[in-house]
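This report covers a metal site, a pair of packed helices and one further residue. The sequence and structure come first.

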Amino acid sequence: MYKYIIDAHAHIFPVKIAEKASENIGKFYDLAMNYDGTLETLMKEGDECGVTKYIVQSVATTAEQVTHINDFIANTVAEHSDRLIGFASLNPLMESFDEEIDRVISLGLKGIKLHPDFQKFALDSENAFRIFDAVGEKLPFLVHTGDKRYRYSNPALMAKAAKAFPHARFIAAHFGGWSEWGDAVEYLSKLDNIWIDTSSSLYELSPERAAKLVNRFGDDRVFFGTDYPMWSACDELAYIEKIPLSHETKEKIMWKNINDFLQLGLS
Ligand SMILES: [Zn+2]
């Protein structure tokens with residue numbers, strides 16, 4: 001039905017800790033976690049629905065975990081280089097970033113994942129700005145955005161960061177603001193260096209509202225993502241099918257936009 005499908009937002013964990021890590025995320029969001037957080041399950045579920053490639057990442061909640069997590073992602077990607085693209089993690093409490101940024105680039109990782117609510121830093125804080133400054137235009141960011149229970153990742157703060165670093169590129173996950181979809185449009189939809197993904201949102205948005213949000217941000221700026229292990233590709237595709245948008249627009253969302261954004265070379 002689509003030429004390709006790219007899941008632009010998947011979390012994976014080493015087998016030993018996957019189930020526990022997945023459970024903890026479920027508790028944080030008070031949502032049932034349907035999958036175990038391993039790469040094996042991600043690909044098994046994705047294969048069932050025709051996913052071509054996955055962007056995989058993991059979040060370091062302490063500075064000490066950073067290199068370990070980045071090695072895990074890089075090694076996993078190396079074993080499945082035709083199917084996986086890896087994003088690295090940084091932690092705002094690291095003393096310096098330059099060495100690790102150069103290292104993850106040399107390992108072939110293609111972006112930086114940040115989760116302000118898990119990592120407990122605000123997107124307009126000094127530590128956040130240190131990261132944006134150090135990474136600059138070298139790699140794009142995938143940023144968890146939105147949680148009305150906390151301030152850290154609110155769309156208004158994402159907008160402040162995007163304006164302060166106009167040459168950096170930000171994917172504001174979850175339509176720009178999980179549980180704050182209205183604010184996301186207001187603060188982020190007009191910014192040139194903001195893209196969004198569809199992950200962990202469609203269960204809560206009506207198909208009509210989802211279509212409106214896509215149109216407000218522009219259909220060149222939206223990437224398909226599952227937020228696995230929260231959801232799988234089959235779950236999310238079922239939601240996508242119901243959105244009243246043209247097949248051409250959906251083809252962009254499913255793979256063309258992220259293919260252009262990361263220059264993946266699919267045609
Ligand atoms: Zn995420």
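Contact means heavy atoms within 4.5 Å. Helices (H or I, at least four residues) and strands (E, at least two) are DSSP runs, numbered from the N terminus. The model is predicted: local features need pLDDT of at least 70, side-chain atom pairs count only at pLDDT 80 or more, and totals for chains, interfaces and linings use all residues. Residues are numbered from 1 along each chain as its sequence is written, and side-chain values use heavy atoms, with hydrogens and water left out.

Val66, Thr67, Asn70 and Asp71 of α3 are in contact with Glu100, Arg103 and Val104 of α4. These contact residues divide into two nonpolar, two polar and three charged, where Ala, Val, Leu, Ile, Met, Phe, Trp, Tyr, Cys and Pro count as nonpolar, Asp, Glu, Lys and Arg as charged, and the others, Gly among them, as polar.

| Helix | Residues |
|---|---|
| α3 | 66-79 |
| α4 | 98-106 |
| α11 | 247-261 |

The axes of α3 and α4 come within 11 Å and cross at roughly 10 degrees; axes are lines fitted to C-alpha atoms, for helices over the stretch in contact, and angles run from 0 to 180 degrees between N-to-C directions. The two helices, α3 and α4, are therefore roughly parallel to each other (angles under 35 degrees; over 145 is roughly antiparallel, 65 to 115 roughly perpendicular and the rest oblique).

The zinc ion is coordinated by His9 (NE2), His11 (NE2) and Lys113 (NZ) at 2.0 to 2.1 Å. Donors are N, O and S atoms within 2.8 Å of the metal (3.2 Å for Na, K and Ca); water is not among the atoms, so sites may look incomplete. Along the chain, the zinc donors follow the spacing H-x1-H-x101-K. His9 and His11 are both buried (under 20% relative accessible area; exposed is over 50%, partly exposed in between, with a 1.4 Å probe and protein chains only).

Thr249, in α11, is also buried, with a relative accessible area of 9%. Leaving aside residues up to four places away in sequence, Thr249 touches Val214 and Asp219.
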